[in-house]
Structures are given as C-alpha cells and as structure tokens.
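This briefing is about aromatic rings and how they pair. A pair of aromatic rings is described by the distance of the centres and the angle of the planes.

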Amino acid sequence: MRRSIFFTFLMLFGLAGQANAENGDQYWMAKAGLSWFDNIDGPDSMNALNVTYGYGLTKSLSAELDYQQSIGGGGYSKVSDAETEKGEYSYQLVSVGGAYRHVFYESLYFKGKLAFAFGDETRTSSFLGSDVTNDATSDVTNLTGGLALGLLAGNVVGSSFTLELGYIKQSSSLSSVMLGANATF
C-alpha cells in the first residue's frame, strides 16, 4: 500500500506543466453530479453537491479544501426473511488535499487529486408495515483520489472561468462523477 501511494504521488507531482492556478491564486468551484455506493443493498444513485476552495501553490500544484454531500436519492429496497426493507443512503464529507493540473492541448487540462477525507455515511431503514426507522451512521476517515478533465474557458467567457468533469473515489464503496465550474480571484 505504501508503495502504491508513493508511486501515485511521484506520478502526479513529477510531471511538469502549466496550469490555471498561479502561485497565490485562490478559486472556488461549485460542482453537481451523481454519487453511488457499491454495496450489497444496491441503492439508487444519489444527487450530490460539492464546493471546493483552492489555493495555487505553483503553476501546476494547488491545495484544495472540499465539502461534498448527497442531496437526494440513495433509496434501496430488499427482501429478507419474507420482509421488505426499504431505506436510503446519504453522506457528508470534508476533504483536504493537493491537486496537480497539466494543460495538454491549448486550454484542455488533466487534473489528479489526492486528499484526506473525513465525514459520515448514513443508512436509514424500515420494514414494510413498521413505523420504526433505524439509522446507522458510520464514520469515514480515509485517503481519497480523483481524476478530472477540464476546459480553461477564460478566452470564451472571461479571464478566469473553468469547466471540469471529474471522477472521485471517496471511500471503498462510495464514488462520484461531478461537473463543475470555477472562478479564480
């Protein structure tokens, strides 16, 4: 595991390239998308929102602070012992990490991100015909990663506008695909 993390850091930070966040630049990015849990209950995908604050350390590296939560969906239904259980999954996560951006075709860029995330995943459940609802919350504390493809649309819309489509792996069973836009200040 340590070798994998070391190799990933080496690959992300060893590449040289230009990016849209200069040293000292700050930016906000709002993202919306879908999240899903890969587990035995097979819940529906969830609608999710993410807000990112970033600070440019160099032309290609930036520090980022994220807040992400589900805002709907996540429902599941399963039959066990002739009883039907229905419920819903949700989550809230905060992550702190570093991002590397590499511009590879005029205004297109690749982004790789590693972060430390903490928060909680919640599962509510009830059995059909019962008024009792059970809530199970588990704490999440782990290393997360993400890959994204972005478009520096500043020449079209303004000097600091960016669009980004990314995949994030938040925990062993939680993943997201998000589309976002940012503004640098």
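A residue is called buried under 20% relative accessible area, exposed over 50%, and partly exposed in between (1.4 Å probe, protein chains only). The model is predicted: local features need pLDDT of at least 70, side-chain atom pairs count only at pLDDT 80 or more, and totals for chains, interfaces and linings use all residues. Residues are numbered from 1 along each chain as its sequence is written, and side-chain values use heavy atoms, with hydrogens and water left out.

**Aromatic pairs**

- Rings of Phe, Tyr and Trp (its six-membered ring) pair if their centres lie within 6.5 Å; planes under 30 degrees apart count as stacked, over 60 as edge-to-face and the rest as tilted.
- Five aromatic pairs occur in the structure.

**W28 and Y53**

- The ring centres of W28 and Y53 are 5.2 Å apart and the planes stand at 55°, so this pair is tilted.
- W28 lies in strand β1 (residues 26-37) and Y53 in strand β2 (residues 46-56), so the pair links parts of the chain 25 residues apart; strands are DSSP runs (E, at least two residues), numbered from the N terminus.
- W28 is partly exposed at 47% relative accessibility, and Y53 is partly exposed at 24%.

**W36 and Y167**

- W36 and Y167 also form a tilted pair, because their planes are at 40°, with ring centres 6.4 Å apart.
- The pair joins W36 in strand β1 to Y167 in strand β8 (residues 161-169), 131 residues apart.
- W36 has a relative accessible area of 26% and is partly exposed; Y167, at 35%, is partly exposed.

**Cluster**

- One aromatic cluster is formed by F37, Y76 and Y89.

Note on methods:
Helix = DSSP H or I, 4+ residues; strand = E, 2+ residues; numbered from the N terminus.
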